[in-house]
Structures are given as structure tokens and as C-alpha cells.
There are 2 protein chains.
Amino acid sequence: MDELMDRTSLQIDGMSCGHCVGNVEKALKTLDGIDSSSVTIGAADVSYDASRVTPADIARTVTDAGYAATVAPTR
Amino acid sequence: MDELMDRTSLQIDGMSCGHCVGNVEKALKTLDGIDSSSVTIGAADVSYDASRVTPADIARTVTDAGYAATVAPTR
């Protein structure tokens, strides 16, 4: 049925790594108990209130946003 | 209250432009009437059945997936 097909081209903005950084930052901002976060490609450093949120909660928030996140070993 | 804050680091996979390409491809696959699509950073070329879907539908699907998409002028 290919002879019946039309073709179109889309211009799409935001398909950059900055898009992902923005998504992760936005997801972290939805969480209570986050003091500050620094997101780069592949990592996030997060300051949080341990009486309100856990590292596992933080990782799950990022995972829910569509990225595989694991808590890095403590240094 | 900064003195009460803990810190954690996350390792995050998939924060690459390939993530966005995958998202756009996945979104286009949800749409009936798409014959094939070729997605690159910033653009998508789509072959579609005009009796079932319009370029505006296709662009809206990509926009709904979180990317600003506009139909490029026909060539």
C-alpha cells in the first residue's frame, strides 16, 4: 500500500541532552524535602531533608520521569 | 536549615539525545496510519496514510510527547 502513502516532515525542538536535564530537574522539584539539586548528563547531586524524603524516593522520582536512576554509593 | 540537609548522588542512564529520539519514535508508533518514520535530532520524516491521519495529527502526537513539533513546509 506504499503507493497510497503521503510524506511529511516535522521540525522538532528540544531533542537535546538539555531536554533530559530539564526533565530531571523538573521531576526533582516536584518532591518535598529537596533542598537543592545539581543535574548533569548522567548524574544528579541532591541535598535533601532526611526527615522528609529518602534517597530511594529521590531515585524513584527520576525513574518515574523516564530515566533509570540508581543511588550512587556514598563517598 | 542547610545544616540539617543530607546529600545523595544519583547515577542516571538515558539522558542522551538518543533518549529523545526513542521517545519521538515511540510516540509516532502509537498513531494509526503511520507507515514509517525516520527520526533524527530535530526532525522526523514520516510516511502516512492521508485517509487516516493528517500532518497536524502527527505533529500533535510529538508535541504531546513533550517536544515542540511543527510541520515543515512541503518541498
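Q: Hi! Which residues does A:Thr8 touch, not counting residues up to four places away in sequence?
A: Hello! A:Thr8 touches B:Ala44, B:Asp45, B:Val46, B:Tyr48, B:Pro55, B:Ile58 and B:Val71. Bear in mind that this is a predicted model.

Q: Okay, and where is A:Thr8 found in chain A?
A: A:Thr8 belongs to strand 1 of chain A, residues 5-13.

Q: Is A:Thr8 buried or exposed?
A: A:Thr8 counts as buried because its relative accessible area is 7%, and the cut-off for buried is under 20%.

Q: What about B:Thr8, what is in contact with that one?
A: Leaving aside neighbours within four places in sequence, the contacts of B:Thr8 are A:Ala44, A:Asp45, A:Val46, A:Tyr48, A:Pro55, A:Ile58 and A:Val71. B:Thr8 sits in strand 1 of chain B, residues 5-13.

Q: And why is B:Thr8 called buried?
A: B:Thr8 has a relative accessible area of 8%, so it is buried.

Q: Let's look at the two chains together. How many residues are in contact?
A: There are 45 residues of chain B in contact with 45 residues of chain A.

Q: What area is buried between chain B and chain A?
A: About 4000 Å² is buried there, and carbon and sulfur atoms give 56% of that. In chain B, the residues that lose the most area to chain A are B:Thr8, B:Leu10 and B:Met15, together 20% of what that side buries.

Q: Why talk about area when giving the size of an interface?
A: The accessible area lost when the parts come together is often used to give the size of an interface.

Q: How far is B:Asp45 from B:Asp32?
A: Their C-alpha atoms are separated by 16 Å, and the two residues are 13 residues apart along the chain.

Q: Switching to chain A as a whole: what is its secondary structure?
A: Chain A has two helices and four strands. Starting at the N terminus, the order is β-α-β-β-α-β.

Q: What radius of gyration does chain A have?
A: Chain A has 18 Å, whereas a compact globule of 75 residues would be near 11 Å. Along the principal axes, the C-alpha atoms of chain A fill a box of roughly 60 × 25 × 20 Å.

Q: How much of chain A is buried residues?
A: Of the 75 residues in chain A, 35% are buried. Chain A exposes about 4200 Å², with carbon and sulfur atoms supplying 50% of it.

Q: What does A:Arg52 touch, not counting residues up to four places away in sequence?
A: A:Arg52 touches A:Asp32 and A:Gly33. The C-alpha atoms of A:Arg52 and A:Gly33 are separated by 5.4 Å, with the residues 19 apart along the chain.

Key: Residues are numbered from 1 along each chain as its sequence is written. Chains are lettered from A and ligands numbered from 1 in the order in which they are written. This is a predicted model: local features need pLDDT of at least 70, side-chain atom pairs count only at pLDDT 80 or more; totals for chains, interfaces and linings use all residues. Side-chain values use heavy atoms; hydrogens and water are left out. The radius of gyration is taken over C-alpha atoms; the globule rule is 2.2 Å times the number of residues to the power 0.38. Buried means under 20% relative accessible area, exposed over 50%, partly exposed in between (1.4 Å probe, protein chains only). Accessible areas come from the Shrake-Rupley method with a 1.4 Å probe; for residues, only the protein chains shown count as cover. Contact means heavy atoms within 4.5 Å. Buried area is the accessible area (1.4 Å probe) that two parts lose on being put together, summed over both.
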